[in-house]
Amino acid sequence: MDLRSELLKSIWYGFTALDLEKSGKVSKSQLKVLSHNLCTVLSIPHDPVALEEHFRDDDDGPVSSQGYMPYLNKYILDKVVEGSFNKENVDELCWTLTAKKNYQPDRSSSSVLPDRDAFRLWCLFNFLSEDKYPLVMVPDEVEYLLKKICMAMSIEFNCVELDDFFSQDSGQQSGITVWVFLQMMNSGKITRGIDKSIISMAIEEVYREIVGDVLKEGYLWKKGQLRRNWKERWFTLRPSNLSYYTGEDRKDCQGNIVLDGNCCVEVLPDRDGKRCMFCLKTLSKTYEMSASDTKQRQEWTAAIQTAIRLHVESKNSLHKDLKLKRREQREQREKRRQAKEEEMQRLRALQEEKERKLAELELLKEAQKQAQVLMEQDEQRRRQQHEQLQHALEIQLREAEEARVSMQAEMALKEEEAERQRKRIQELEEMQKRLEEALQQEIKARLDEEGFRYAQARLLAEEEEKMKALMTLQEEQEEYILKTQREKQELKQEMEVKSRALDEAQRQLEEVRANRHRVDQDVVAAQRKLRQASTNVKHWNVQMNRLMRPIGPGEKRPSLGSSYQTFQIPTQRDPGLRLRRRSGSEDQSEESKENVDNGAECDKERRHSHASNGDMDIP
């Protein structure tokens, strides 16, 4: 907090004191008086017409604080020089203005503080208040100030009274005004049973420490620089200097030691009849001092070191630095509190979600129990059905077992009969295999014959096509001959091409004839195979007829090792055998007719091919 901010806090009280109607505006005449008094206490020249010139364009009405601030900054605060005035005079001026309007204590009460103490508390309030308007002091700073006052009075601070005071009004948790603070101090709750003189001394000590930047005060013995004798002096330590006076009233200043980064403090051993000695070393001199006891020496050395540290860190006030640190701590606590609240909200949301899921889980468990009951009922029902089916199957198995026993007896009889039939079937199957082999050979021979015939027909068709092409070429050749002599030279080349084509066709015709001759030979060989296959079929038909005689009851089948000559020929009286012989003879006659027809057709085709070859006229 800089000097301008400190001055503005006091001036704000002075401006609001002049606003009697609480409208936020003050008349120009009152502002002239206020500005003149401020210039006087701040030791700066005052221009009586500056205010009128600054508000020349306005009407003659009152001026708000926002309208007065530019003038205050330009003509007063910008001209302030630190150290050229006494700030306590500025505070007294502003306190005088605001106290008349706002501070009206009950004078009849014995606990009311003197005006001087109220002024010092007002200054302490301004120093510790937040940099926001209207000015308020947060509860933490109130507690800090009251603790400092109680410590100066050597009593213990009771936080209960303060907590009760803030709990009475929830709106005071964000901060209290200076008038509420003074009313609390005048109520005697904090200073109950303490003499007013002690309270005044304590307030003055805290005032000098916080507002006056006095780090420590007290009597010390100092050794002279010239006479080297010891004298008792009253020392006052501030961040920038260490002053000493002849008495506690601080009227006769005997010296001022300027503190900087080159200074240091050291503890000295006892000598010259003095104890608890220490020295303060500067670049030019060394000051030897003696405290009353070891505790005082330790406090003085620590305070001097603190003052040197503040000077090195370019800090003018210890309590300003402490105030900023406390403010940062409050902000951090507020952030942590907000974070904690957010975390608590998140935890509550998670807890609600957990409870909801637990409720859903309970519902699922209940549904699972119901499903389990239904499953047990279904299982019991299926078990009963299974038992009924098993009982029915046992009955059916007993009936099937009885049927199986009866069927086994029948099967034994059937198997004996089947064994006899199986042997006979095996013999017939062997005979059938032989017949099938002969039949396959005959079929193969016929297929070969058909293939040869198809090849022969294809060659004849090709020969006919070649003949047609040859006749066409002959006709074209005759037409070319009849053309005019004029085209003769042009047609010679075509004649040569046609001649070559004719030669090629003749060569292909010769090849076709040679192929036909080979096909004729293959047909003859196929016919020879066909005749041989028909002979084999006839032979096996005879053998089959011999074996077709049925076996009568009580007859013995001849052994397999015996020859076919011992096989008895059935009599002519058997109608089945007569029918088979008749059918065999008919098959033989049909085959012989078919062979004769095939031979005739082959001869006819051969004669036709010879005739066609004989009739062909090759040019």
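This short talk walks through salt bridges, surface patches and a few backbone details of one predicted model.

Before the details, a word on how to read them: residues are numbered from 1 along each chain as its sequence is written, and side-chain values use heavy atoms, with hydrogens and water left out. Since we are looking at a predicted model, local features need pLDDT of at least 70 and side-chain atom pairs count only at pLDDT 80 or more, while totals for chains, interfaces and linings use all residues.

Let me begin with the charged pairs. Side chains of opposite charge can pair when their charged atoms come close. The structure holds 43 salt bridges, a salt bridge being a side-chain nitrogen of Lys or Arg within 4 Å of a carboxyl oxygen of Asp or Glu. One of them joins Arg327 to Asp131, with the closest N and O atoms 3.3 Å apart. Arg327 lies in helix H12 and Asp131 in the loop between H6 and H7, so this pair ties together parts that are 196 residues apart in sequence. When I speak of helices and strands, I mean DSSP runs numbered from the N terminus, with helices (H or I) of at least four residues and strands (E) of at least two.

How open to the surroundings are these two partners, buried or exposed or something in between? Arg327 counts as buried, at 16% relative accessibility, whereas Asp131 is partly exposed, with a relative accessible area of 40%. For these words the cut-offs are as follows: buried means under 20% relative accessible area, exposed means over 50%, and partly exposed lies in between, with a 1.4 Å probe and protein chains only. Both residues also belong to a network of salt bridges that links Lys9, Glu130, Asp131, Glu141, Arg326, Arg327 and Arg330.

Glu143 is partly exposed at 24%, and Lys147 is partly exposed at 38%.

A further salt bridge brings together the side chains of Lys498 and Glu476, at 3.5 Å from N to O. This pair links distant parts of the chain, with Lys498 in helix H13 and Glu476 in helix H12, 22 residues apart. Lys498 is partly exposed, with a relative accessible area of 32%, and Glu476 also counts as partly exposed, at 26% relative accessibility.

While we are at helix H12, which covers residues 318-482, you can find Ala457 in it. Ala457 is partly exposed, with a relative accessible area of 43%. Ala457 and Arg516 are 59 residues apart in sequence, and from C-alpha to C-alpha they are 9.3 Å apart in space.

A positive patch is formed by Lys444, Arg528, Lys529 and Arg531. Patches here are made of residues with over 30% relative accessible area and no salt bridge, where like charges are joined within 9 Å and nonpolar side chains (Val, Leu, Ile, Met, Phe, Trp, Tyr) within 5 Å. Lys and Arg count as positive and Asp and Glu as negative, with His and the chain ends not counted, and the place of a charge is taken as NZ of Lys, CZ of Arg, CG of Asp or CD of Glu. Which helix gives the largest share of the positive patch? That is helix H13, residues 488-547, with three residues. Lys529 has its place in helix H13 and is exposed, with a relative accessible area of 52%.

There is also a nonpolar surface patch of about 250 Å², made by Met344, Leu347 and Leu350; accessible areas come from the Shrake-Rupley method with a 1.4 Å probe, and for residues only the protein chains shown count as cover. Met344 lies in helix H12 and is partly exposed at 38%.

I will finish with the backbone. The peptide bond from Tyr133 to Pro134 is cis, with omega near 0°, and Pro134 lies in the loop between helix H6 (115-128) and helix H7 (139-152). Ser43 has a positive phi of about 60° although it is not a glycine; its place is in the loop between helix H2 (28-41) and helix H3 (50-54), and Ser43 is partly exposed at 48%. Asp213, likewise not a glycine, has a positive phi of about 55°. Asp213 lies in the loop between helix H10 (196-210) and strand S3 (216-223), and at 17% relative accessibility it counts as buried.
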